[in-house]
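Thanks for coming, everyone. I'll walk you through one structure this morning. Please have a look at it first.

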Amino acid sequence: MEKILTVTNLTKKFGYLTAVKNLSFSIEKGHVYGILGPNGSGKSTTLGIVLNVVNRTNGEFSWFDGNISTHEALKKVGAIIERPNFYPYMSAVQNLKLVCKIKEVSTGKIEEKLKLVGLLERKDSKFKTYSLGMKQRLAIASALLNDPEILILDEPTNGLDPQGIHQIREIIKKIAAQGTTILLASHLLDEVEKVCSHVVILRKGEKLYSGRVDDMLASHGFFELKTADREKLTTLLKENTSFGEIREENGLVTAFLTEKMDAGTFNRWAFDKGIVLSHLVKRKESLEEQFLTLTKNESN
């Protein structure tokens, strides 16, 4: 796969504070990447460095296989890393024409991009009449005017109401479906789970995980079980290599899978072993549970 961005051993210090520490990851064409971490984990600093607005302390980064200069590469990048800032008394179209002039690109794509973000009907309305969500959508339209190969978004749904959040996420999916690579920073696990195919997890500037969201802990889920013969069930589960951790709490047995298994297969296996289950539910670990497991393991 063609690499769009490669980051190698990146470090940024602000005095005594290390905002980004020895960070390495790469972004391949055609995927949606999330940089996930709590506030202060180094997400915005990392984006600032690769966009040439923050100077790095150590390490390297290269765009598009390192074949072109950062200045040239950034002409193929669309980015929103601050609150949308347009002229309040100018319309959406007027503001975007100005952006085209600054970016030295044709104005021919303005209506197409406004349609993509759902603002075509409000193209002649002044920016000051826009809601926060509409302002954010106009910023996305402006970042797409040069038909970038990668779109970079820093906390794209911050401060929006549920409807605004939903609209932005749908637009991101639409842009990705057209083949644009996306890199977004977020502190919301839910956002990354719903929108991203890949994730880089940061804590205090250090990488905890980098890879596909689906493969995060290669989680196969878990069964929640109840039976009259709990002791026999837990003994059998511990002897079965298909299961890892077994938990018991308030009469409920939770058995974590180490390989794929559906509820029907498990029920037959338990019945054959003389166990009648009064409760059987299969669940998948959410990204949140996996994230907590990951951060807990790292802090030990």
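How many disulfides does a search of the whole structure find? The search finds 0. A disulfide here is a pair of cysteine sulfur atoms within 2.5 Å.

Before going on, a word on the source. This is a predicted model, where local features need pLDDT of at least 70 and side-chain atom pairs count only at pLDDT 80 or more, while totals for chains, interfaces and linings use all residues. Residues are numbered from 1 along each chain as its sequence is written, and side-chain values use heavy atoms, with hydrogens and water left out.

Back to the cysteines. Cys100 is buried, because its relative accessibility is 1%. Cys196 is buried too, at 9%. Buried means under 20% relative accessible area, exposed means over 50%, and partly exposed is in between, with a 1.4 Å probe and protein chains only.

Now the sheet. It is open, with 6 strands in the order β5-β6-β7-β3-β8-β9 and mixed pairing. The edge strands, each pairing on one side only, are β5 (77–80) and β9 (206–212). Neighbouring strands are turned by 10° against each other on average, direction ignored. That angle is taken between N-to-C directions and runs from 0 to 180 degrees, with axes as lines fitted to C-alpha atoms. Strands are DSSP runs of E, at least two residues; helices are runs of H or I, at least four; both are numbered from the N terminus. Two strands pair if DSSP finds at least two bridges between them.

Look at β7, residues 181–186. Is this strand mostly covered or mostly open? Mostly covered: 6 of its 6 residues are buried. In a regular strand, side chains alternate between the two faces of the sheet. On one side of β7 we have Thr181, Leu183 and Ala185, and on the other Ile182, Leu184 and Ser186, all buried.

What does β7 pair with? Strand β6, residues 150–154, runs parallel to β7 and is joined to it by 5 bridges. There, Ile150 stands opposite Thr181. Strand β3, residues 32–36, also pairs with β7 in the parallel sense, over 5 bridges. Here Ile35 stands opposite Ala185.

Now to β8, residues 198–203. It runs antiparallel to β9, and 6 bridges join the two.

Next, helix α1, residues 43–50. Why do we call it largely enclosed by the rest of the structure? Because 7 of its 8 residues are buried. They are Lys43, Thr45, Thr46, Leu47, Gly48, Ile49 and Val50. After α1 comes Asn52, with a positive phi near 65°.

On to charges. Side chains of opposite charge can pair when their charged atoms come close. Over the whole structure, a search finds 16 salt bridges. The rule is a side-chain nitrogen of Lys or Arg within 4 Å of a carboxyl oxygen of Asp or Glu.

Lys43 of α1 is in one of them. It pairs with Glu155, the closest N and O atoms being 3.7 Å apart. The pair links distant parts of the chain: Glu155 sits in the loop between β6 and α6 (162–177), 112 residues from Lys43. Both Glu155 and Lys43 are buried.

Take another pair, Arg169 and Asp190. Their closest N and O atoms are 3.0 Å apart. Arg169 is in helix α6, Asp190 in helix α7 (residues 189–195), 21 residues apart. Arg169 counts as buried because its relative accessibility is 9%. Asp190 is partly exposed, at 35%.

A further salt bridge joins Arg283 and Glu224, at 3.1 Å, N to O. Arg283 is partly exposed at 40%, whereas Glu224 is buried at 15%.

There is also a network of salt bridges. It links Lys109, Glu112, Lys113 and Asp147.

Last stop, the surface. Which residues make the nonpolar patch of about 320 Å²? Tyr87, Leu98 and Ile102 do. Patches are made of residues with over 30% relative accessible area and no salt bridge; like charges are joined within 9 Å, and nonpolar side chains (Val, Leu, Ile, Met, Phe, Trp, Tyr) within 5 Å. Areas come from the Shrake-Rupley method with a 1.4 Å probe, and for residues only the protein chains shown count as cover. Leu98 belongs to helix α3, residues 92–103.

That's my tour. Thank you.
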